Amino acid sequence: MKATDFEYRHQTLIHQFIVAVAFLAYFVDREDIVWRFVKASSAPRGFERFSFVVATVFIVVGAAICTCARVYRRSESAIGMESYGHFHRSRYYGDLLYAIGLASLAPLWGFMILVAGETLRVFRLTQREDTRTPNLLLQTLPTASPLIPPAAQEFHSGWGRAFRQETVKWGLFLTMVVFVITLKDRLAEAFAAASFLIGLLLNASIFSRAPNIAE
């Protein structure tokens, strides 16, 4: 059940394909999964807002995990290397949490496609990582600049690059915050589209190769 070379090299492309298929479900069902289950309740808007608050928490936790996993690069001992491997794999779990939150915006069938598709993708990738982490760790040990303290170098280069690589996730988090406050679909759609386009422009090269936490 390990991911193929194609799956590993084109992780973002496959993720976007799953998301696209999930949201194509709107062509056959115009109601998102949250509204489907709360519309008949005594206070539909209150339950809707609460549900999307929970979804927003999933998204921001997933985004934070993915961002931190991209920054964590130091592996100076055997224990450190083990921790590095854990952080390297944790990005996949962050992707899954993010996908669950994002799926709250999709119709019922779209929710199922997105969550099931991302779960399978993450499972296959983690199975592959278990067999390649030792070699990966040796290949991605950071090279510190002799003129810049390692901590400062990691902060300036690592965090900025990590946030850039996770632009879409943080943009979707802001989108969800706006949506929770306003509950206006059109506004949320505009923010989501802007987040995707900005992330695509900033990370176009990611589509051509596997993401590398040590970058």
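**View 1. The secondary structure of the predicted chain consists of nine helices and zero strands.** From the N terminus on, the elements run α-α-α-α-α-α-α-α-α. Helices (H or I, at least four residues) and strands (E, at least two) are DSSP runs, numbered from the N terminus. The chain has 215 residues, of which 43% count as buried, meaning under 20% relative accessible area with a 1.4 Å probe and protein chains only. This is a predicted model: local features need pLDDT of at least 70, side-chain atom pairs count only at pLDDT 80 or more, and totals for chains, interfaces and linings use all residues. Residues are numbered from 1 along each chain as its sequence is written, and side-chain values use heavy atoms, with hydrogens and water left out.

**View 2. Helix 4 (residues 44-71) and helix 8 (residues 167-182) cross at roughly 165 degrees.** Their axes, lines fitted to C-alpha atoms over the stretch in contact, with angles from 0 to 180 degrees between N-to-C directions, come within 9 Å. Helix 4 and helix 8 are therefore roughly antiparallel, the term for angles over 145 degrees. Residues in contact (heavy atoms within 4.5 Å) include Phe52, Ile59 and Ala63 of helix 4 and Trp170, Phe173 and Met176 of helix 8.

**View 3. Threonine 126 lies in helix 6 (residues 108-139).** Threonine 126 counts as buried because its relative accessibility is 6%. The side chain of threonine 126 reaches the backbone oxygen of phenylalanine 123 at 2.8 Å. Leaving aside neighbours within four places in sequence, threonine 126 is in contact with Tyr92 and Tyr93.

Definitions and conventions: Buried means under 20% relative accessible area, exposed over 50%, partly exposed in between (1.4 Å probe, protein chains only). A polar contact is a pair of N or O atoms within 3.5 Å; within protein, one must be able to donate a hydrogen and the other to accept it, and residues adjacent in sequence count only if both atoms are side-chain atoms. Angles under 35 degrees count as roughly parallel, over 145 as roughly antiparallel, 65 to 115 as roughly perpendicular and the rest as oblique.
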